[in-house]
Amino acid sequence: MILFLVSLLLYLLPCGFGQHQHSDIISEASCMSIKKTVFETTIDYSFLFPGAPIQHRTVDNCRSYTPLIVGGHPANPKEFPHMARLGRRQELGRRTDWFCGGTLITERFVLTAAHCLESEQGEVNVVRLGELDFDTFEDDAAPRDYNVATYIIHPSYADPQLYHDIGLVKLAEDVIFDLYKHPACLPFVDERYFSSFIAVGWGSTAFAVKPSTKLLKVKLDRYEDWVCKKVLSRKLEEYPHGFDATTQVCVGSDRAQDTCNGDSGGPILMYHQNYPCLYHVMGITSAGLSCGTPGVPGIYTRVYRYLDWITQTIAK
């Protein structure tokens, strides 16, 4: 349904609109469609007398979650139903190496970092949705693995550099939306209007520590661009041109909390202002300059900057 809506809007919107305005409208329309599909239920009823007409009432089950937290905490059940984990399943399914995160944005596409798609373990070929804790079957979760049909790397991405570090994974089948699995909204506005975000992932909680089995969330703050420019002032293989404020966002914390190894490709999020049960994916975890060092931010890909590429790629 959402793919059809995207294609229809691309066709119907007047030519006088700028392409980025097209993408904004498509993002909002898709978000409204998710809200109606997952959280709204129509109830039919009638008064108890002969010939009474059938009435219709829409029940909205959208509920807000806890406010943004300061320290890292385990996610609540169904709190981040868009959260994906990317991996490489070996032959015969004997072992799966999970190495990156991602965000479900339609019934068929997952948004992630380009550098996650071709990892040291191999190309991504499986995506898990609906998971909470990888170490138990007793939690309130509904995990399911989806095979990967293909993936698309942004045409300007050039490994090992981490500019334009954004990509899409196309699943081999549609995801049936429910409270455990449904998309995050693409941003309607630039992330620069916001001062804090929530990051989510199964990554390590400290340097050289194994990835977490539990999905964790943490509040992070947007830093001024000059902070990341200063941190990247010396030449690095991944950032030979330094920090690019047009395509990257500088995010971190003055506390010992951060994204870390295994969080790459996952989102930084904002609550939807009108629909508190939904989130906007504002950025993609690209590279950490440290791991939990107070005051040292990480580099995130600005999703708003790539709205046109995302919507056009999906529409094709």
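Modeller: Gladly. Buried means under 20% relative accessible area, exposed over 50%, and partly exposed in between. Keep in mind that this is a predicted model.

Colleague: Then why is Y163 called buried?

Modeller: Its relative accessible area is 8%, and the cut-off for buried is under 20%, so Y163 falls in the buried class. Y239, at 3%, counts as buried by that rule too.

Colleague: What makes the rings of Y163 and Y239 an edge-to-face pair?

Modeller: Ring centres must lie within 6.5 Å, and planes over 60 degrees apart count as edge-to-face. Here the centres are 5.9 Å apart and the planes stand at 85 degrees, so Y163 and Y239 qualify as edge-to-face. The pair links distant parts of the chain, 76 residues apart: Y163 is in the loop between β10 and β11, and Y239 in the loop between α3 and β14.

Colleague: How many aromatic pairs does the rule give?

Modeller: The count is five. One of them joins W98 and F134, with centres 5.6 Å apart and planes at 65 degrees, so this pair is edge-to-face as well. W98 lies in strand β5 and F134 in the loop between β9 and β10, so the contact ties together parts that are 36 residues apart in sequence. W98 has 18% relative accessibility and counts as buried. Ring pairs also join F80, Y271 and Y279 into a cluster.

Colleague: How do you know that R85 lies over the face of F134?

Modeller: The distance limit is 6 Å from CZ of Arg to the ring centre, and the charge must be within 35 degrees of the ring normal. R85 is at 4.6 Å from the centre of the F134 ring and lies over its face. R305 does likewise with Y306, its charged end sitting over the ring at 5.2 Å from the centre.

Colleague: On to charges, then. Why is the contact of K217 with E79 called a salt bridge?

Modeller: The nitrogen must be within 4 Å of a carboxyl oxygen; in this pair the N to O distance is 3.1 Å, so K217 and E79 form a salt bridge. K217 lies in strand β13 and E79 in the loop between β3 and β4, so the bridge ties together parts that are 138 residues apart in sequence. Both residues are buried.

Colleague: Are D145 and R89 buried or partly exposed?

Modeller: D145 has a relative accessible area of 24% and R89 one of 27%.

Colleague: What makes R192 and D190 a salt bridge at 3.9 Å?

Modeller: The limit is 4 Å, so an N to O distance of 3.9 Å is within it. R192 is partly exposed at 32%, whereas D190, at 15%, counts as buried. Both belong to a network of salt bridges that also includes E191, D225 and R302. The whole structure has 14 salt bridges.

Colleague: And which residues lie nearest the centre of the second largest cavity?

Modeller: They are K78, F80, G130, E131 and Y180, out of 13 lining residues. This cavity has a volume of about 80 Å³, and its lining has seven nonpolar, two polar and four charged residues.

Key: Residues are numbered from 1 along each chain as its sequence is written. This is a predicted model: local features need pLDDT of at least 70, side-chain atom pairs count only at pLDDT 80 or more; totals for chains, interfaces and linings use all residues. Side-chain values use heavy atoms; hydrogens and water are left out. A salt bridge is a side-chain nitrogen of Lys or Arg within 4 Å of a carboxyl oxygen of Asp or Glu. Helices (H or I, at least four residues) and strands (E, at least two) are DSSP runs, numbered from the N terminus. Buried means under 20% relative accessible area, exposed over 50%, partly exposed in between (1.4 Å probe, protein chains only). On a 1 Å grid over the protein atoms alone, a cavity is a set of points where a 1.4 Å probe fits but cannot get out, and a pocket is an open set with protein on both sides within 12 Å along at least five of seven lines; lining residues have an atom within 4 Å of a point. Grid points are joined across faces, edges and corners, and a volume is the space filled by probe spheres set on the points. Ala, Val, Leu, Ile, Met, Phe, Trp, Tyr, Cys and Pro count as nonpolar, Asp, Glu, Lys and Arg as charged, and the others, Gly among them, as polar. Rings of Phe, Tyr and Trp (its six-membered ring) pair if their centres lie within 6.5 Å; planes under 30 degrees apart count as stacked, over 60 as edge-to-face and the rest as tilted.
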